Amino acid sequence: MTHDLVVIGAGPAGLTAAVTAARFGLRVAVVDANSRAGGQYHRHRAGHAPDWPALARLHTVEHLAGHRVWALERADDHFAVHAAAGERDTRPVTVRGRRLLLATGAYDRQLPFPGWDLPGVFTAGGAQALLKGNGVAPGRRALVAGTGPFLLPVAVGLADAGVEVLGVLEAARPTPRAAALAPHSPARVVEAAGYAAALARRRIPYLTGRAVIAARGDDAGLRAVTVARLDADWRPRPGTGYELACDTLAVGYGFTPQLELATQLGCANTPDGFVTVDARQATSVPGLYAAGETTGIGGAQLSAVEGELSAYAIAGRTPPRGLLRRRARLTRFAAGLRELYPVRPGWLTWLGADTLVCRCEEVTRDRITHAVRSGADDVRAVKLLTRAGMGWCQGRMCAEATACVLADALDRPITPAPPSRPIAQPIRLGDLAQGAP
């Protein structure tokens, strides 16, 4: 059977698009790797009722949960979505659709530092996923660090779960210009104010211009972290470092879009590394649309609006002007947040020669600089000489950091290209043999 629309990703963008398209009479399938729909923002525990209307309307579409998409094909009149279904005993599945929407979202951006591979060091999203999806507190005494407003709900969630939260360390220094963003998304401002009030009630300090620059522990877990004040470029100020005992660190520096599938089909990208879309959320590939964090990090509200607009375009309907105005406001808000919370290059000074940059293959900074001395002048050459990015995560966690270390060693800009590979997810050879294009 060929669907009118296949949506990859069951987060705010994908689900809003799916239920809207189904309302217009389209036959829709949603393919998602997770066992429960909702994405990170609407993640909920098994047996708990979802708190989002789109989840309640999911019965109007075919929901293929637990399906990891590893390849896409484009034929003359349809797209073929190749997935591995199940967890251990997987089976190859191919879903076909006349139109395809990529709503694959994003994942935590990580900056390496000494000790970031210790047990007890989590991404901010990983800590939140344990709480929201499983009701599990990651530790007893935690610190939340990084940059961006996402740190606030993570800290509040940990505190609500009974974790002693020592503080929130914001590496950036948000300026008074933040107040100018309020008219573009009053709901987001109210939400942030609620989190700030929750921190204040619990007497959890929110400190700007500070970061965790090292972690100490052993195989049994995290023992302590080193905190330092940062200058404007994120270099630690001399004499400001101090140690803080904790068993949990939730750290995140924004988000990186998942572009593997878009790259497979040859989608054009923006200069800052997102999928290029037009006013209808259409990509450069005919019949292929994108919505949500793959087109720019903007939060759940903007993702849902983009998903709804893509459904209007796919169904051949004219969207309401109010929806277009809302996208414009939320897009301006998202752009303003990116200016307020940039990642500064001084974080490279946190790294020692033996600091791991690629955790999967245990590649240190020194090995990358040695590869440069051996003639490597791009990310691919570093990968071939050191195996950085060849591990289980396939560069999702380390590609950007590797590019930054390379650029620093060469003293010139290096932009990490989106990974281009025919297999976007790890699969078994048997599944590949049965379902290969």
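I began with the packing of α3 on α4, whose axes lie 10 Å apart at an angle of about 40 degrees; the axes are lines fitted to C-alpha atoms, for helices over the stretch in contact, and the angles run from 0 to 180 degrees between N-to-C directions. That angle makes α3 oblique to α4, given that angles under 35 degrees count as roughly parallel, over 145 as roughly antiparallel, 65 to 115 as roughly perpendicular and the rest as oblique. I noted the crossing of α3 past α4 as left-handed, a term for a near helix turned anticlockwise from the far one by less than a right angle, with right-handed used if it is clockwise.

Before going further I wrote down that this is a predicted model, in which local features need pLDDT of at least 70 and side-chain atom pairs count only at pLDDT 80 or more, while totals for chains, interfaces and linings use all residues. Residues are numbered from 1 along each chain as its sequence is written, and side-chain values use heavy atoms, with hydrogens and water left out.

Helices (H or I, at least four residues) and strands (E, at least two) are DSSP runs, numbered from the N terminus.

I then followed α4 (residues 151-160) to α5 (residues 186-201), where the axes come within 9 Å and cross at roughly 40 degrees. That makes α4 oblique to α5, and α4 passes α5 in a left-handed crossing. On the α4 side I listed Leu-152, Pro-153, Ala-155 and Val-156, which meet Ala-192, Tyr-195, Ala-198 and Leu-199 in α5.

**The parallel sheet**

I traced an open sheet of 5 strands in the order β8-β15-β9-β10-β11, with parallel pairing; two strands pair if DSSP finds at least two bridges between them. At its edges are β8 (121-123) and β11 (206-208), each pairing on one side only. Direction ignored, neighbouring strands of this sheet are turned by 20 degrees against each other on average.

Between β8 and β15 (residues 248-253) I found 3 bridges in the parallel sense, and within β15 the bridge partner of Phe-122 is Ala-250. Helix α3 (residues 124-134) packs on this sheet, touching β8 and β15, and its direction makes about 90 degrees with that of β8.

Leaving aside neighbours within four places in sequence, Leu-207 is in contact with Val-168, Leu-169 and Glu-170. Leu-207 and Val-168 are 39 residues apart in sequence, yet their C-alpha atoms are 6.2 Å apart in space.

In the loop between β13 and β14 I stopped at Trp-234, which counts as buried at 2% relative accessibility. Its phi is near 75 degrees, a positive value in a residue other than glycine; most residues other than glycine have a negative phi.

**The nonpolar cores**

I looked up the largest nonpolar core, which has 52 residues, those with the most contacts inside it being Phe-113, Val-212, Val-225, Trp-234, Leu-249 and Trp-350. Such a core is a set of buried Ala, Val, Leu, Ile, Met, Phe, Trp, Tyr and Cys residues joined through side-chain atoms within 4.5 Å. Helix α11 (residues 399-410) gives the most to this core, with 5 residues. A second, separate core of 35 residues includes Val-19, Ala-37, Leu-302 and Tyr-312.

Not counting residues up to four places away in sequence, Leu-249 touches, among others, Phe-113, Phe-122, Val-212, Leu-222 and Val-225.

Key
Buried means under 20% relative accessible area, exposed over 50%, partly exposed in between (1.4 Å probe, protein chains only). Contact means heavy atoms within 4.5 Å.
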